[in-house]
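Subject: A structure for you to look at

Hello,

Here is the structure I promised you. Please open it and keep it beside this email while you read.

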Amino acid sequence: MTLPHEPPAPLAGEESPEDAAPPRPVTPRRRARLFQVLSQRQPDLTLVLANIHDPHNVSAIYRSCDAFGVSRVHLYYTDTPFPALGRKSSASARKWVESERHRDKEALFAALRDQGMQVLATSCSPEARPLREWDFLRPTAVILGNEHEGVDEALLARADGRLYIPMHGMIQSLNVSVAAAVILAEAARQREAAGYYAAPRMGAEELDATLADWLQR
């Protein structure tokens with residue numbers, strides 16, 4: 001499990017900290033930019049990547065998380081290894097989005113419940129409700145399944161609800177990374193309208209500590 005504010009360990013094909021160029025001095029402008037981004041992070045909004053094995057999809061999901069202010073993703077990999085991500089496509093986003101790994105569903109749900117999150121899972125089952133019917137102002141985690149089988153039944157059974165993205169064409173499902181971006185865009189729409197991006201969601205102490213960590217990166 002990755003500790004809070006611990007930089008992600010390099011995966012196959014990625015640049016190790018030892019190989020990276022020495023950090024440049026932080027300018028006031030850069031510091032202000034980092035503070036602005038952190039001030040808009042949504043610590044109570046997250047995604048769970050459940051056995052998603054395509055590295056291009058995983059890289060794209062990390063980029064969407066950074067873009068919409070998600071500060072951490074949860075990794076649930078039980079029957080497939082975490083994919084080797086290319087340095088150019090993913091390293092930048094993984095630098096700013098933390099990863100928390102879980103060995104089993106009990107540990108995963110315990111971590112999410114401890115944060116008071118409603119846990120939703122993507123699904124095409126009859127029980128699923130349309131994306132916009134869900135309240136993303138609540139602390140929320142959304143489980144995304146792999147490209148072939150979707151979310152595992154064991155996870156669906158533990159989730160608080162199931163969601164689907166309404167579609168109006170012949171194709172019945174989206175690529176998982178596209179689905180992640182659509183879901184986060186809806187969550188961001190609701191939260192921006194409620195002013196969630198207008199003021200820091202972290203406490204002052206946590207914000208300062210995270211900023212200090214980011215400055216070291």
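Predicted model: local features only at pLDDT ≥ 70, side-chain atom pairs only at ≥ 80, totals over all residues.

Where does alanine 198 sit? Find the loop between H6 and helix H7 (204-216).

**The whole chain**

The protein has 217 residues, and 45% of them count as buried. It contains 7 helices and 7 strands. Read from the N terminus, the order of elements is α-β-α-β-α-β-α-β-β-β-α-β-α-α. Take the contacts in the protein with a separation of 6 or more: 82% of them join residues 24 or more positions apart. The accessible surface is about 11,700 Å². Carbon and sulfur atoms hold 53% of that surface.

Helix H1 covers residues 28-39, which is 12 residues. From first C-alpha to last it reaches 16 Å, close to the 16 Å expected. Its buried residues are Leu34, Val37, Leu38 and Ser39.

Helix H2 covers residues 55-67 and has 13 residues. H2 reaches 18 Å, again close to its expected 18 Å. Buried residues in H2 include Val58, Ala60, Ile61 and Tyr62. Check both ends of H2. At the start, a side-chain oxygen of aspartate 54 comes to within 2.8 Å of the backbone nitrogen of histidine 56. After the helix comes glycine 69, with a positive phi near 85 degrees.

**Salt bridges**

Side chains of opposite charge can pair when their charged atoms come close. The whole structure has 11 salt bridges. Here are three of them.

- Arginine 201 pairs with aspartate 44, with the closest N and O atoms 3.2 Å apart. Arginine 201 lies in the loop between H6 and H7, and aspartate 44 in the loop between H1 and strand S1 (45-50), so the bridge ties together parts 157 residues apart in sequence. Arginine 201 is partly exposed at 30% relative accessibility. Aspartate 44 is buried at 13%.
- Arginine 72 pairs with glutamate 98, and here the closest N and O atoms are 2.7 Å apart. Arginine 72 is in strand S2 and glutamate 98 in strand S3, so this pair links parts 26 residues apart in sequence. Arginine 72 is partly exposed at 21%, whereas glutamate 98 is buried at 9%.
- Arginine 129 pairs with glutamate 133, with 3.4 Å between the closest N and O atoms. Arginine 129 is partly exposed at 34%. Glutamate 133 is partly exposed too, at 49%.

**A nonpolar patch**

Finish at the surface. Met167, Met170, Ile171, Leu174, Val178 and Val182 form a nonpolar patch there. Together they have about 550 Å² of accessible area. Methionine 167 is in the loop between strand S7 (161-164) and helix H6 (176-193). Methionine 167 counts as partly exposed, at 32% relative accessibility.

Best wishes

Technical notes
Residues numbered from 1 in each chain as written. Heavy atoms only, no water. Helix = DSSP H or I, 4+ residues; strand = E, 2+ residues; numbered from the N terminus. Expected span 1.5 Å × (residues − 1). Buried < 20%, exposed > 50% of the residue type's maximum accessible area, 1.4 Å probe, protein only. Polar contact = N/O pair within 3.5 Å; in protein donor to acceptor, adjacent residues only side chain to side chain. Contact = heavy atoms within 4.5 Å. Areas by Shrake-Rupley, 256 points an atom, 1.4 Å probe, with all protein chains shown as cover. Patch = residues over 30% accessible without salt bridge, like charges linked within 9 Å, V, L, I, M, F, W, Y side chains within 5 Å. Salt bridge = Lys/Arg side-chain N within 4 Å of Asp/Glu carboxyl O.
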